[in-house]
Amino acid sequence: MGVIEDVYEDLDTDVEFEEFEAAVEDKVEQMGGLADEETAAMLIAHELRDEEADTIADIEPGMNDVKFLGKVTSIGEIKTFERDEEDAEEGRVCNVDVADASGSVRVALWDEMAAAAEEQLEVGQVLRVMGRPKEGYSGLEVSADKVEPDEDAEVDVQVLDTYRVEDLSLGASDVDLVGQVLDTDSIRTFDRDDGSEGRVANLTVGDETGRVRVTLWDDKADLAEEFEAGEVVEVGDGYVRERDGDLELHVGDRGTVERVDEDVEYVPETTDIADLEIDEVVDIGGGVIETDPKRTFDRDDGSEGQVRNVRIKDETGEIRVALWGDKADREIDLADRVVFTDVEIQDGWQDDLEASANWRSTVTVLDEETEAAGNAGTDVSGSGDGSGNGDRAASDTGLGAFAEDGQKAATEAVSGGTGGEESAGSGGAATATATAEEIEFTGTVVQTGDPVVLDDGQQTKSVETDASLRLGEEVTVRGTERDGTIHADDVF
C-alpha cells in the first residue's frame with residue numbers, strides 16, 4: 001500500500017477512499033509542492049477528525065460535516081414544500097430531536113429519509129447521524145446526509161411521558177411537566193442578529209421535587225401574563241437548556257402552558273436566617289416585620305431602575321431583603337409570610353447582612369398561595385393535607401414557623417409562631433381571639449406609623465397608638481389586645 005492508503009486505513013471515517021485520495025491530490029496542488037502526499041494525507045485526515053463531534057455540545061454551525069450519536073426524544077410530522085426548480089418533485093422534511101448528556105439538537109431528515117423516519121423511527125432509539133450543521137429558525141440544527149440506528153450503543157438521556165422537576169436533564173425535549181406557579185416576570189424584548197425583535201418572559205414552577213424556571217419565547221411570552229402565583233399549570237412540549245449553571249425549561253413555537261385542575265405540593269427548603277453567610281445564593285422565608293416604599297433611580301446607561309426593601313423574620317433572626325426591578329412591584333404587606341428563592345446574601349448597611357432579590361429570584365407570598373391552595377387543592381404549607389397543620393418539625397427549614405392552626409393572629413405569623421396553642425419561643429404567648437384581653441408588652445420599635453410594630457426578640461406585636469416613637473426605641477405598652485393588635489392606653 002502507498003502512503004495515502006496507510007493514512008486512510010488509520011482513519012475511522014465514512015468518507016470513501018476515492019474521495020479521500022482526490023482531496024489529498026487537491027491539497028498537494030494547493031500547497032504548491034510544499035507538502036508531499038504523506039503530509040497532505042495527514043492534513044486531510046486531521047480535518048476529517050475535526051468534524052468528529054464527541055458530544056452534541058461540540059457541534060458548531062461552522063463545521064462542514066459532523067458525525068455524532070444521539071437518542072431520539074421526539075419525532076415531528078412530515079412537512080412538504082415546493083422546490084425552486086421547475087417540474088421538480090415536491091420536497092419532504094421531518095424534524096427529529098436527538099439528545100445526549102451534553103445537550104440536544106434538531107436533525108432535519110429529507111425526502112426518502114423523512115418517509116423512513118415516519119415509518120421506522122421510534123422515540124428512545126439511538127442514532128448515528130452524519131450531516132451538515134447550520135443555524136436554523138429554532139437554533140442549531142443538522143441537515144442529515146446519513147442516519148442509521150445503533151442498537152448496541154447507549155446514550156444516558158431519559159425519555160419520559162411526564163416529567164417531574166428532578167427528572168429534567170440537559171438535552172431533554174418534548175417535556176410535559178405539571179407544577180405550581182411560584183412567580184411570574186414581565187415580558188422583555190430584544191434584537192436578534194437578523195434585525196427582528198424577539199420577546200421572552202419567565203414563569204417559575206415547582207412540584208414536590210423542586211422548582212424550575214420556565215422560559216417563554218416570542219408569542220408564548222404572553223402566557224406569563226395569564227397565570228398567577230398558586231395556580232397549577234401543565235407545560236407541554238418543552239425542552240431543557242442550561243443557563244448560568246442551572247437547568248431551564250424552554251417553551252417555543254410548539255410548546256404550551258395550560259391551567260390544569262390537579263393537586264401539586266411544593267415545599268420550599270429554606271435556610272435559617274441565623275445561618276446565612278455573605279456571597280451565598282440561598283432560599284429564605286419569614287414574616288414581614290417592616291416595609292419601605294418603592295424608590296426609583298437612574299442607571300449609568302440612562303434607564304430608570306427601581307428597588308423596594310422589606311424586612312423579614314423567622315424563628316432564628318431577621319434580615320432586610322432588597323427587591324429589584326419588577327420584584328419591587330410585588331404586593332407585600334406587614335405580617336405577610338413570604339419565601340424568596342435564589343437571593344444573594346450581601347454586606348448591607350451597618351455591617352448587617354442583606355438579601356438581594358434580582359431577576360433570577362422568585363417571590364412567593366404564602367398568604368396568597370394558601371388562599372389559592374384552598375381553591376385548587378394545592379398544599380404550600382408542607383403538611384400534605386392542605387390544612388396547614390404540618391407534621392414537619394419547626395427546625396426542618398426556615399419555614400418551620402409557618403404552620404398555623406387557624407387560631408393564630410397575623411402578628412403571631414410575623415413573629416414565626418409554630419402553630420398550636422403557644423407561639424414558638426414565646427413560652428406561652430396569648431392566642432389572639434375576638435375577646436379583648438389586658439396585656440403589657442415590652443419591645444423594640446421595628447416599624448413606626450400605623451400600626452407600630454414592637455419586637456422583644458421572641459415575638460412581634462402590632463400596636464395602635466398616637467404616641468410618637470422612633471425606630472430602635474425600647475418601650476412598654478399597656479392596653480387591650482383584640483384581633484392580634486394591642487390598643488395602647490399607656491406607652492412608657
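Biologist: Which element gives the most to the negative patch?

Modeller: Helix 2 gives the most, with 3 residues. Helices here are DSSP runs (H or I, at least four residues), strands are runs of E of at least two, and both are numbered from the N terminus. The model is a predicted one, in which local features need pLDDT of at least 70 and side-chain atom pairs count only at pLDDT 80 or more, whereas totals for chains, interfaces and linings use all residues. Residues are numbered from 1 along each chain as its sequence is written, and side-chain values use heavy atoms, with hydrogens and water left out.

Biologist: Which residues gather in the patch of negative charge?

Modeller: The patch on the surface gathers D6, E9, D10, E25, D26, E29, D36, E37 and E38. Two or more residues come from each of helix 1 (3-9), helix 2 (17-30) and helix 3 (37-50). A patch takes residues with over 30% relative accessible area and no salt bridge, joining like charges within 9 Å and nonpolar side chains (Val, Leu, Ile, Met, Phe, Trp, Tyr) within 5 Å. Asp and Glu count as negative, Lys and Arg as positive, and His and the chain ends are not counted. Each charge is placed at NZ of Lys, CZ of Arg, CG of Asp or CD of Glu.

Biologist: Why is D26 called partly exposed?

Modeller: D26, which lies in helix 2, has 44% relative accessibility and therefore counts as partly exposed. The class covers values between buried (under 20% relative accessible area) and exposed (over 50%), with a 1.4 Å probe and protein chains only.

Biologist: What makes D183 and R330 a salt bridge?

Modeller: Their side chains meet at 3.0 Å, N to O. The rule asks for a side-chain nitrogen of Lys or Arg within 4 Å of a carboxyl oxygen of Asp or Glu, so the pair qualifies. D183 lies in strand 7 (residues 175-184) and R330 in the loop between strand 17 and strand 18 (337-347), so the bridge ties together parts that are 147 residues apart in sequence. Both residues are buried.

Biologist: How do you know that R213 and D185 belong to the buried class?

Modeller: R213 has a relative accessible area of 10%, which means that it is buried. D185 is buried as well, at 13%. The side chains of R213 and D185 form a salt bridge (3.4 Å, N to O). R213 is in strand 10 (residues 210-217) and D185 in the loop between strand 7 and strand 8 (188-191), so parts 28 residues apart in sequence are tied together.

Biologist: What is the class of R478 and of E440, buried, partly exposed or exposed?

Modeller: R478, at 33% relative accessibility, counts as partly exposed, and E440, at 48%, counts as partly exposed too. The side chains of these residues meet in a salt bridge (2.9 Å, N to O).

Biologist: How many salt bridges does the rule give?

Modeller: The count comes to 24. Salt bridges with shared partners join D97, R106 and R254 into one network.

Biologist: With which residues is T316 in contact, leaving aside its neighbours within four places in sequence?

Modeller: T316 is in contact with D272, I273 and A274, where contact means heavy atoms within 4.5 Å. The C-alpha atoms of T316 and D272 are separated by 6.3 Å, although the residues are 44 apart along the chain. T316 is found in the loop between strand 16 (304-314) and strand 17 (317-324). Its relative accessibility is 32%, so T316 counts as partly exposed.

Biologist: What describes the protein chain overall?

Modeller: The chain has 6 helices and 25 strands. Buried residues make up 45% of its 492 residues. Of the contacts with a separation of 6 or more, 57% are between residues 24 or more positions apart. The chain exposes about 25300 Å², with 40% supplied by carbon and sulfur atoms. Accessible areas come from the Shrake-Rupley method with a 1.4 Å probe, and for residues only the protein chains shown count as cover.
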